[in-house]
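These are my notebook entries on one structure. Each entry records what I looked up and what I found.

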Amino acid sequence: MFFDRPESGELAVLVHLEIAHGQAPEDPREFEELALSAGADPVALIGGQRAAPHAKYFVGTGKLEELQAVVKEHAAELVIFNHTLSPSQERNLERALECRVLDRTGLILDIFAQRARTFEGKLQVELAQLRHMSTRLVRGWTHLERQKGGIGLRGPGETQLETDRRLLRTRITAIEKRLAKVRTQRDQGRRSRQRANIPTVSLVGYTNAGKSTLFNHLTNAEVYVKDQLFATLDPTMRRLEVPDVGAVIFADTVGFISHLPHKLVQAFRATLEEASNSSLLLHVIDAAADERLHNIEQVDEVLAEIGAGELPELRIFNKIDLLGMEPRIDRDDNGKPIAVWLSAQTGEGLELLLEAISDSLGREMVAGRLLLDPSQGRLRAKLYQQQAVADESSRDDGCTELQLRLPKSDLFRLLSAEGLRYDQLNWVPEGKSGRIAC
């Protein structure tokens, strides 16, 4: 029901007003990109200014007449507002314009419905759509009235509208239960990674900032990449070895946008929790965008809303190839990396990014040659499981020398599981390989 779409683009008239009071104004260029991403074919953009939205039509009566003329001239099938409309305003506009009317929230929901690929993603989008639709059901049933009393006119006592509301509530409850199971599964996976001491790095940022391109370069994944808003919807996770850190889980997440509908934030909470529980956030920023500072503010707002505002963050200024810049790392007074300038498209600066991630997640490392006797085979196997062994050589007396490099915390955890202490280990002094007893 929610994922059927016409094959060809729908002729659409776009409406963008500058409202003197209220929330920050939307970007008309971004609005047009959203409409194109949804598959619409914009035929006109109607602009204007108002001190405050009109209570009945959002636009004034003069602007409404202009809209009616443009819709009739182009035989438009759809009018899209770059604003949030109330259900009554949407209903009144449809009656006056004699075509479908969609607001900014409905437009973003439609794009999400097209992009969803996984079962979980489709459930999350449908939940957001149902919650949005529940406030607008009356639009579809204005021709029905409560059944009247009288001989032959008495009915079951429930209108079609009430029936649909009840069915919607039932469906919403069922989807919420399924998503609760998904959240439980994600929690279990997250706890497993925490027990294994594997950090998670989440890529967050404004939509179309280049997160998926960067993710593909880092992990050799094949995440869908396209120069359009919300190209990525379903989260993807990959494991990658980072120098001086070891195994790291990278997560590619859905892009944010200004005034992201609250219904979407609620529906995608299970997915967004992956970012809110990360060891490090990579905030990917389109360095070439004119509205760069505004986009950063919008992402910070969403991060704060999902409880990720205080997490360690490394800003990634992407698309420096469009600015003719050289890749670099910006550090604070203590030498801690705070930003990396790179190009995910060309791959310039990716080695600097790995260096910055290593510094940000850096833990005290242990490196050296460890001598194990034949009875310590389990410890040897676990060191290999941690991918801590760089080299191995066997001696005539049956002992084994391992060249190790791993975080000290990981080594202590392994020793604790084996009932050993750090001072019981037999380390080979530098330059004396093969000369000490096992």
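**Entry 1: Helix H4**

I found that 11 of the 12 residues of H4 are buried, so this helix is largely enclosed by the rest of the structure. I take buried to mean under 20% relative accessible area, exposed over 50%, and partly exposed in between (1.4 Å probe, protein chains only). Helices (H or I, at least four residues) and strands (E, at least two) are DSSP runs, numbered from the N terminus. I note that this is a predicted model, in which local features need pLDDT of at least 70 and side-chain atom pairs count only at pLDDT 80 or more, while totals for chains, interfaces and linings use all residues. Residues are numbered from 1 along each chain as its sequence is written, and side-chain values use heavy atoms, with hydrogens and water left out.

Among the buried residues of H4 I listed Arg104, Leu107, Asp110, Phe112 and Arg115. I then checked the length of H4 (residues 104-115): at 1.5 Å a residue, its 12 residues should span 16 Å, and its end C-alpha atoms are 17 Å apart, which agrees. The expected span is 1.5 Å times one less than the number of residues.

**Entry 2: Val366**

I located Val366 in strand S12 (residues 365-372). Val366 counts as buried because its relative accessibility is 7%. Which residues does Val366 contact, leaving aside its neighbours within four places in sequence? I found Leu404, Arg405, Leu406, Lys408, Leu411, Tyr422 and Trp427, where contact means heavy atoms within 4.5 Å. The C-alpha atoms of Val366 and Asp244 are separated by 9.6 Å, although these residues are 122 residues apart along the chain.

**Entry 3: Aromatic pairs**

I searched for rings of Phe, Tyr and Trp (its six-membered ring) with centres within 6.5 Å; planes under 30 degrees apart count as stacked, over 60 as edge-to-face and the rest as tilted. The count comes to two aromatic pairs. The rings of Phe58 and Phe81 have centres 6.1 Å apart and planes at 80 degrees, so this pair is edge-to-face. Phe58 lies in the loop between strand S2 (40-50) and helix H2 (61-74) and Phe81 in strand S3 (residues 78-81), so the pair ties together parts that are 23 residues apart in sequence. Both Phe58 and Phe81 are buried. The rings of Phe317 and Trp341 have centres 4.3 Å apart and planes at 15 degrees, so this pair is stacked.

**Entry 4: Glu98**

I noted that Glu98, a residue other than glycine, has a positive phi near 60 degrees. Glu98 counts as exposed, at 72% relative accessibility.
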